[in-house]
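Please keep the sequence and the three-dimensional view at hand while reading.

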Amino acid sequence: MSAKIEAQRVSKRFGSLVALDALSLEIAAGEVFGIIGPNGAGKTTFLRILTGYWLASDGDVRVDGLSVTRQRFQVQARLGYACEQPKLYADHRVDAFLRLMGELRGLSGARLRAAVAVASERLGLEEVMHRRIGVLSKGFRQRVALAQAILHEPALLVVDEPTVGLDPAQQIELRRIIAGFRGQHTVILCTHQLHEAELLCDRVALLDRGRLAAIATADEIRAGGSLEALFLAKVGTHSGFAP
Amino acid sequence: MMLRMRALCRKELRQLFASPIAYVVLTVYVALTGIYFFQHLVSYNQLLFVYQSEGMTGGGFDQGTVPTRINVLNEVFVPSADDFGLFLLVVLPLVTMRVFAEERANGTDELLLTSGLRPWEVAFAKHAVTYAFVALLLLGSAIYPAVVVLRASLGMEHLAALLLGQLFYGCAIASLGLACSSFTSSQIVAAVLGYAIPFVLLDFAWLSNTVSEGVAAVLREAALLSHYGSFARGVIELRNVVYFEGVALLGWLLSVASLELSRAR
């Protein structure tokens, strides 16, 4: 089960600041799609519009033909979202939190228990299920965020900066988990880690100052050398990097 | 929908009682109401003693030596209800300030509002659990008037009216506090607004000399206190019930509006 996404001239303005400027994108069903860009490029803004958390100033995003602007609850039912710096209830135990999120997604009884069991197994959470979220390491908190996002088996999985602040071992483990989502969901992965996008994604969009600066398939990236080369070629000068 | 609502309410309850504020507020409120109720009871007994002493030759107050206005209703119930109302005004913003503001500050509103929940559901659960906490506060302090009602054969309708009045009044104040909390991520700002708005709405008597009679009448009708007093006398007036329910509804609508507006930031 996976979803097709179409962003149509999506803009977001905060007063005079243009965070997204007529961004248009198409993401195929089942694709693992990366979004990269320097800080302030509009990556998280786009994800917040896509998930219905923010309203676009102009334009619209469609998920399987459903408009985020007009049908946001139907869209939200099809997506799971693990936001940047996992925002979780620190006073909840992991199992209670996952049950809560499952219930909020309309799961109950045996279906809920099965969904929690599957998610905890996929994310390797069994050993921390009875611990309070507040005492977990950053890596485990990130896994809990991903687990709540896949409980209801969404067609679209949106993951924002999953490995930021994690140690190398945790980063590798989390990338392995995200790679496992391929074939089960359409995945949108927003990241600062260029090699992560290169490793995991079928296609990568490079945003810069709210605009789509480039979009490339994995093959095109390899043909051009690396994603780093593409990044530096497109935004290197004003993001502080010298090519 | 019921499943989601139940889950949301459970989450709110867990968060409410995870913080020490709920226990402190509960303890302080029950203690303060007990102290002040006892104080009014003592004053009433002293008053009776004085009257009975002066008219000792004629017998006790049953024989007419104590004026009819000196009774447990006027001397204990009504002033206690005023005190209880003031204490609710003092403690409730401490509970409501956290409810929306903390969610916004921690970013967990993003988790809720992207999981298919309607903003009205989120606001409803938060308001419902806070009202339940108000009811718990009142139950904790109901023992004092209950004992007097039983001992003084005052009639259970007085107790019921007092508790109902406090519940309506408390929910209205809580609702305004929650609305304030929903517009900010700062608990301090939420608390300051949660105090300021109900205090301004409490009584417009200070304004009545500076405005026309018509405006003063409207302000009197808009004041919280003018709708609260009759409950302590055992009178439940529909207009007062409608007023408090209206304020509570307004607070909830403002909370929903705030969640919707935050999308367009």
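## Strands of chain A

A22(A) belongs to strand 2 of chain A; helices (H or I, at least four residues) and strands (E, at least two) are DSSP runs, numbered from the N terminus. The model is predicted: local features need pLDDT of at least 70, side-chain atom pairs count only at pLDDT 80 or more, and totals for chains, interfaces and linings use all residues. Residues are numbered from 1 along each chain as its sequence is written, while chains are lettered from A and ligands numbered from 1 in the order in which they are written.

A22(A) is not a glycine, yet it has a positive phi of about 50°. A22(A) is partly exposed, with 15 other C-beta atoms within 10 Å. A residue is called buried if 20 or more other C-beta atoms lie within 10 Å of its own, exposed if 12 or fewer, and partly exposed in between, with C-beta atoms placed from the backbone. R9(A), found in strand 1 of chain A, likewise is a residue other than glycine with a positive phi, here near 45°. R9(A) has 13 C-beta neighbours inside 10 Å and therefore counts as partly exposed.

How do these strands pair? Two strands pair if DSSP finds at least two bridges between them. Strand 1 of chain A is joined in the antiparallel sense to strand 2 of chain A, and also runs antiparallel to strand 4 of chain A.

| Strand pair in chain A | Bridges | Sense |
|---|---|---|
| Strand 1 (residues 5–14) and strand 2 (residues 17–27) | seven bridges | antiparallel |
| Strand 1 and strand 4 (residues 58–63) | five bridges | antiparallel |
| Strand 9 (residues 203–208) and strand 10 | six bridges | antiparallel |

Individual residues illustrate the pairing. A7(A) faces L25(A) in strand 2 of chain A, and E6(A) has R62(A) in strand 4 of chain A as its bridge partner. The hairpin of strand 1 and strand 2 of chain A has two residues between the strands, and G15(A) takes a positive phi near 65° there. Opposite R203(A) stands T217(A), in strand 10 of chain A.

## The open sheet of chain A

Six strands of chain A form an open sheet with mixed pairing, in the order 6-7-8-3-9-10. Which strands stand at the edges? They are strand 6 (79–82) and strand 10 (211–217) of chain A; each has a single partner strand, so one side of each is left without a neighbour in the sheet. On average, neighbouring strands of this sheet are turned by 15° against each other, direction ignored. Helix 5 (residues 138–150) of chain A packs on the sheet, where it touches strand 6 and strand 7 (156–160) of chain A. The direction of helix 5 makes about 170° with that of strand 6 of chain A. Axes here are lines fitted to C-alpha atoms, for helices over the stretch in contact, and angles run from 0 to 180 degrees between N-to-C directions.

## The helices of chain B

Chain B has eleven helices and zero strands. Its C-alpha trace spans about 80 × 45 × 30 Å along its principal axes. Of the 265 residues in chain B, 38% are buried.

Helix 3 (residues 72–106) and helix 7 (residues 156–182) of chain B have axes that come within 8 Å and cross at roughly 25°. Helix 3 of chain B is therefore roughly parallel to helix 7 of chain B, a term for angles under 35 degrees. The residues of the contact between helix 3 and helix 7 of chain B comprise 17 nonpolar, eight polar and no charged. In this scheme Ala, Val, Leu, Ile, Met, Phe, Trp, Tyr, Cys and Pro count as nonpolar, Asp, Glu, Lys and Arg as charged, and the others, Gly among them, as polar.

V235(B) lies in the loop between helix 10 (225–232) and helix 11 (238–263) of chain B. V235(B) is partly exposed, having 13 other C-beta atoms within 10 Å. Apart from its neighbours within four places in sequence, V235(B) is in contact with A161(B) and S230(B); contact requires C-beta atoms, placed from the backbone, within 7 Å.

## Where the chains meet

How many residues of chain B are in contact with chain A? The count is 22 residues of chain B, in contact with 20 residues of chain A. Helix 1 of chain B gives the largest share of that side of chain B, eight residues. The residues on this side of chain B divide into eight nonpolar, seven polar and seven charged.

Note on methods:
Contact = placed C-beta atoms within 7 Å. Parallel < 35°, antiparallel > 145°, perpendicular 65-115°, else oblique.
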